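Me: I'd like to go through a model and ask where each label comes from. Can you show it to me?

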Amino acid sequence: MNLAIEMTGIEKRFPRVVANAGVNLTVAEGEIHAIVGENGAGKSTLMKILYGLYAPDAGTVKVFGKEMTRFSPAASIAAGIGMVHQHFMLVPTLTVAENVVLGMEPRLGPWFDAVQAEREVAELSTRLGLAVDPRARVETLPVGIQQRVEILKVLARGARILVLDEPTAVLTPAETEELIATLGKMKAEGRTIVLITHKLKEVKAASDRLTVLRRGATAGTAVTADVTEEKIAEMMVGRAVAMRVEKKTSRPGDPVLSVKGLQAAGVGPVTFDVRAGEIVGVAGVEGNGQSELLECLSGLRAARAGGASLGGVDLSRSGPAAWFRAGLGVIPEDRQKRGLVGEFTVAENLVLGRHREARFVRRGFVAAGEREAEAAALVRRHDVRPAETGVEAGSLSGGNQQKAIVARELARKPRLLVAAHPTRGVDIGAIEAIHKAIVSERDRGAAVLLVSSELSEILALADRVLVMFRGQVAGELKAADATEKKIGVLMAGGKA
Ligand SMILES: Nc1ncnc2c1ncn2[C@@H]1O[C@H](COP(=O)(O)OP(=O)(O)OP(=O)(O)O)[C@@H](O)[C@H]1O
Ligand SMILES: [Mg+2]
């Protein structure tokens, strides 16, 4: 067995956190190797070392048998490594083709040869079954498509080892299947793949072997076929994890959110209510108006026709501040852009939006003690790791950023909670906790609108399911009647 990657005794410390505390990882050439572990276990850090973004404090890294002596992306790329990051690193104002060939642009004389770039990208995307429009500007694309661009970009650089950090977190089930098929094609071409994912179904479907990280160290490795999902979960968390949500039948009250004939760019007309004490799930293939609807329902996109009222007041032409005053809580789709202020501390982020409440202000200044106490309590309740409120929010691992957002939004005791992919990037133990928290918001009497690309999440939580297709509500199902199959038919534009 030839080894593609051999990392031994890897240590990496950050000012207040030990991210890797003696990790060993061996990946054979031509295998698909999954890395799993709780949020903050050190997975992304380990892969950033492999990709040369960080130098390890101790330990050795060998790629195809050769020890890395310098740690820089250039050295890693030269060694054959390509990485698709957890948070996209595309230039939003450039086109797909421009992003893919960035730094290695085809030239026509002294000029950038856009036609050639577009042709190359189209060829590569067809070969690997990753459809994208090479001429589209990246900022106009939904996250699911941006993901494909990231993958194409790495492949265009001829990577022999492809590292994907939670590539499926932003994909729909169908896109995930396609991606897994693509990984299979790349493996057949002789490439080695390292796949970080929290979805154990994918680990089972895609990987040959797996390594479990726990609190910065290797907790075990296994041949994937030899272990069940339950067993992997237990290796990660150290205890058995309930994979099902316990909830009582809902007792919906009066409508809290009323959407009537709402139309805006990219969505509508849509009409629906969300009542107090119920969870309405919104399913649909990404790009069918869900994002636009969410923007309308938080004051980021103005309605052209129709209305949306929260607690009886039409806010469809009001900005975010009015929505928040009326009692909206939002777990946004894009946590990097809208969820947290990366340069602020965790404590500052946790009271963001509530910082003017009387208890957080003393004689016109921030009541630091109050804020600290509240932040510490939230961090503890939602198990944000590290349990340090003074670190920059941007330094938290992806899943812990998500937990921090959930903590803040639920702490506001919203009348209406709009949750977009609330467990995206979150480990299975934390999914269990977030699901429980959303159900208890419902039971407290909040109206919950849940948008998720995980059908299993919708089926587990929703009391009613709306399916969106081409900007409209294509059908509605009661929880009792909803099945993956029925939802799937509506998602594809069929009739219930
Ligand atoms: N640049 C940084 N500065 C400070 N701390 C960091 C930095 N990067 C990571 N950390 C910390 O190191 C630990 C490991 O983070 P890492 O991102 O590797 O976790 P992960 O296993 O990828 O988690 P997730 O599943 O949530 O993505 C975390 O506690 C995180 O807060
Ligand atoms: Mg990570």
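Predicted model: local features only at pLDDT ≥ 70, side-chain atom pairs only at ≥ 80, totals over all residues.

Reply: Residues are numbered from 1 along each chain as its sequence is written, while chains are lettered from A and ligands numbered from 1 in the order in which they are written.

Me: Why is Gly-329 called buried?

Reply: A residue is buried if 20 or more other C-beta atoms lie within 10 Å of its own, exposed if 12 or fewer, and partly exposed in between, with C-beta atoms placed from the backbone. Gly-329 has 24 other C-beta atoms within 10 Å, so it counts as buried.

Me: And what makes Lys-413 partly exposed, with Arg-470 put down as exposed?

Reply: Lys-413 has 13 C-beta neighbours inside 10 Å, so it lands in the partly exposed class. Arg-470 has 12, so it counts as exposed.

Me: Which peptide bonds are called cis, and where do their prolines sit?

Reply: The bond from Gly-268 to Pro-269 is cis, with omega near 0 degrees, and so is the one from Arg-385 to Pro-386. Pro-269 sits in strand β14 (residues 267-275), whereas Pro-386 is in the loop between α13 (368-381) and α14.

Me: How do you know that β18 pairs with β21?

Reply: Two strands pair if DSSP finds at least two bridges between them. β18 and β21 (residues 416-420) are joined by 4 bridges and run parallel. Gly-329 lies in β18, and its bridge partner in β21 is Leu-417. As for where the residues of β18 (residues 328-331) point, Leu-328 and Val-330 go one way and Gly-329 and Ile-331 the other, and all are buried.

Me: What makes β2 and β5 edge strands?

Reply: The open sheet has 4 strands in the order β2-β1-β4-β5, with antiparallel pairing. β2 and β5 (66-67) each pair on one side only, and these are the edge strands. Inside the sheet, β1 (residues 3-14) and β4 (residues 58-63) share 5 bridges in the antiparallel sense, and Glu-6 stands opposite Lys-62 in β4.

Me: Which residues touch the most others in the largest nonpolar core?

Reply: A nonpolar core is a set of buried Ala, Val, Leu, Ile, Met, Phe, Trp, Tyr and Cys residues joined through C-beta atoms within 7 Å. The largest one has 138 residues, and Leu-50, Val-163, Leu-416, Val-418 and Leu-450 touch the most other members. Leaving aside neighbours within four places in sequence, Val-163 has contacts including Met-47, Leu-50, Ile-81 and Val-194.

Me: Which residues come nearest to ligand 1, and which domains supply its shell?

Reply: Near means that the C-beta atom, placed from the backbone, lies within 6 Å of the molecule or strand. Of the 21 residues around ligand 1, Asn-39, Ser-44, Thr-45, Ser-397 and Gly-399 come nearest. Domain 1 (3-237) and domain 3 (339-412) each give at least three residues to the shell, with the domain bounds coming from an automatic or database domain assignment. β2 (17-28), α1 (43-50) and α14 (398-411) each supply at least two.

Technical notes: Contact = placed C-beta atoms within 7 Å.
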